[in-house]
Amino acid sequence: MQNKTLVIVAHPNIETSKVNKRWIEELKKYPNEIVVHELYSKYSNGKFDVKYEQIMLEKYDTIIFQFPIYWFNCPPLLKKWFDNIFTYGWAYGSSGNMLANKKIGFAVSAGSKEIDFSEKGKYSATLENVLLPFKLTTLYVKASYCSCFSFYGAEDEINFNQLESSAIEYIKFIKKL
């Protein structure tokens, strides 16, 4: 097992991203501690190398999934990745325990404001509610759920200090895991 953290990034258009693109730039400043794996650049055709992905997951004790919230879910390629990579007999089932005891966390950007993701907000649900299927998936594969780092208001005008602060806080979040 490697002490490094594996960050699996799923953003369909990273070049136009503000938040996720900045987070990746910050992550890459720590190559001895963090490995960044960008799904959309590696698998633009949507065809995964399942064995490669599984071996990579097996190497790391801490895994972060980073993505923008899309229709209150993850981008489609990441959903397909979970469906293809977390296989019966490998990730779950009577003999599937390859992710057991690993630490899994999430880093997400939401276009809407934090107030919208509250019981009394626009969506009548918190971001934690929206991400519940990911928490349940983590628990189903016998891994440890390590919470979520989030950025709200990604569709709004973001000031430079806010973006820089979030990138630094993201690294702190990862280092605490």
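Colleague: Which helices each supply at least two residues of the lining of the second largest pocket?

Modeller: This is a predicted model. Start with the general idea. Rolling a probe the size of a water molecule over the atoms shows where empty space is left. Here, H4 and helix H6 (132–140) each supply at least two residues of that lining. H6 gives the most, with four residues.

Colleague: Which residues are the closest to the centre of the second largest pocket?

Modeller: Look at Lys 79, Phe 82, Asp 83, Pro 133 and Thr 137. They belong to a lining of 14 residues. By class, that lining has 10 nonpolar, two polar and two charged residues. The pocket's volume is about 270 Å³.

Colleague: What is the volume of the largest pocket?

Modeller: About 450 Å³. Its lining has 20 residues, and Pro 68, Ile 69, Ala 110, Gly 111 and Glu 155 are the closest to its centre. The classes are 10 nonpolar, eight polar and two charged. Helix H1 (19–27) and E4 each supply at least two lining residues.

Colleague: Now the core. Which residues touch the most other members of the largest nonpolar core?

Modeller: General idea again. In soluble globular proteins, nonpolar side chains tend to be buried together. In this model, the largest nonpolar core has 35 residues. Leu 57, Phe 65, Phe 67, Leu 78, Trp 81 and Phe 86 touch the most other members. H4 gives the most to this core, with five residues.

Colleague: What is Phe 86 in contact with, leaving aside its neighbours within four places in sequence?

Modeller: Its partners include Leu 57, Phe 65, Trp 81 and Thr 137. Apart from this core lies another, of 19 residues, among them Leu 27 and Ile 64.

Note on methods
Residues numbered from 1 in each chain as written. Predicted model: local features only at pLDDT ≥ 70, side-chain atom pairs only at ≥ 80, totals over all residues. Heavy atoms only, no water. Core = buried A, V, L, I, M, F, W, Y, C linked by side-chain atoms within 4.5 Å. Buried < 20%, exposed > 50% of the residue type's maximum accessible area, 1.4 Å probe, protein only. Contact = heavy atoms within 4.5 Å. 1 Å grid on protein atoms, 1.4 Å probe; cavity = no way out; pocket = protein on both sides within 12 Å on 5 of 7 lines; lining within 4 Å. Points joined across faces, edges and corners; volume = space filled by probe spheres on them. Nonpolar A, V, L, I, M, F, W, Y, C, P; charged D, E, K, R; others polar.
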